[in-house]
Amino acid sequence: MAGLWRSYQVLMTKYPWTVQIVTAGSLVGVGDVISQQLIERRGLAQHNVQRTTKMMSIGFFFVGPVVGSWYKVLDRLVVGGTKSAAMKKMLVDQLCFAPCFLGAFLCISGALNGLTVDENIAKLKRDYTDALISNYYLWPPVQIANFYFIPLHHRLAVVQIVAVAWNSYLTWKANKM
């Protein structure tokens, strides 16, 4: 395990953007597999590979680039590594970024699932508030620790490790019709 972590760190140093995007896409896919197998209890025979592929594509093309870019912007907006700066980053992240990100994630997954605009709006009205409240239970303490202890180039990885559980919930919520 230590060797795997060292390899990951070497790759992060050489190719930070690519590694962040691949990590995000892969872990969103893992979250969907967990969602289908443990939450929905589909079994391997009923596993929807196309759904997992769609969720991974959201991870590769939306989650990874958007969250990775957001952390760079946030680091420029709120400078410093103090407890106060970590708290400010968490507040800006959770009050400004998280609500927009969740709405966009749910809309993108709805569109990829073939929902019409009206169906997507209805699904957003039904699921958005629950997802945002759940977000506020999990992410503020994670983000305070992340912004205070973790260097910028590892923040997306830390978030994605915690996000395996979050992605399981979010992919279940996003794909619940």
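H4 and H6 cross in a right-handed way (the near helix is turned clockwise from the far one by less than a right angle). Before going further, bear in mind that this is a predicted model, where local features need pLDDT of at least 70, side-chain atom pairs count only at pLDDT 80 or more, and totals for chains, interfaces and linings use all residues. Residues are numbered from 1 along each chain as its sequence is written, and side-chain values use heavy atoms, with hydrogens and water left out.

Back to the crossing. The axes of H4 (residues 83-112) and H6 come within 13 Å and cross at roughly 45°; axes here are lines fitted to C-alpha atoms over the stretch in contact, with angles running from 0 to 180 degrees between N-to-C directions. The helices are DSSP runs (H or I, at least four residues), numbered from the N terminus. That angle makes H4 oblique to H6, since angles under 35 degrees count as roughly parallel, over 145 as roughly antiparallel, 65 to 115 as roughly perpendicular and the rest as oblique. On the H4 side, Lys89, Leu102, Phe105, Leu106 and Ser109 make the contact, and H6 answers with Arg155, Trp166, Leu170 and Ala174 (contact means heavy atoms within 4.5 Å).

On a 1 Å grid over the protein atoms alone, a cavity is a set of points where a 1.4 Å probe fits but cannot get out, while a pocket is an open set with protein on both sides within 12 Å along at least five of seven lines; lining residues have an atom within 4 Å of a point. A volume is the space filled by probe spheres set on the points, which are joined across faces, edges and corners.

There are 2 cavities of 30 Å³ or more. The largest cavity holds about 250 Å³ of space. Of its 21 lining residues, Val67, Phe101, Trp139, Val159 and Trp166 lie nearest the centre. H4 gives the most to this lining, with 7 residues. Trp166 also belongs to the contact of H4 and H6.

The second largest cavity has about 30 Å³ of space, and its lining is Leu106, Asn120, Lys123, Leu124, Asp127 and Ala174. Here H5 gives the most, with 4 residues. Leu106 and Ala174 turn up in the contact of H4 and H6 too.

H1 (2-14), H2 (16-39) and H6 (152-175) each supply at least two of its lining residues, with H1 giving the most, 5 residues.
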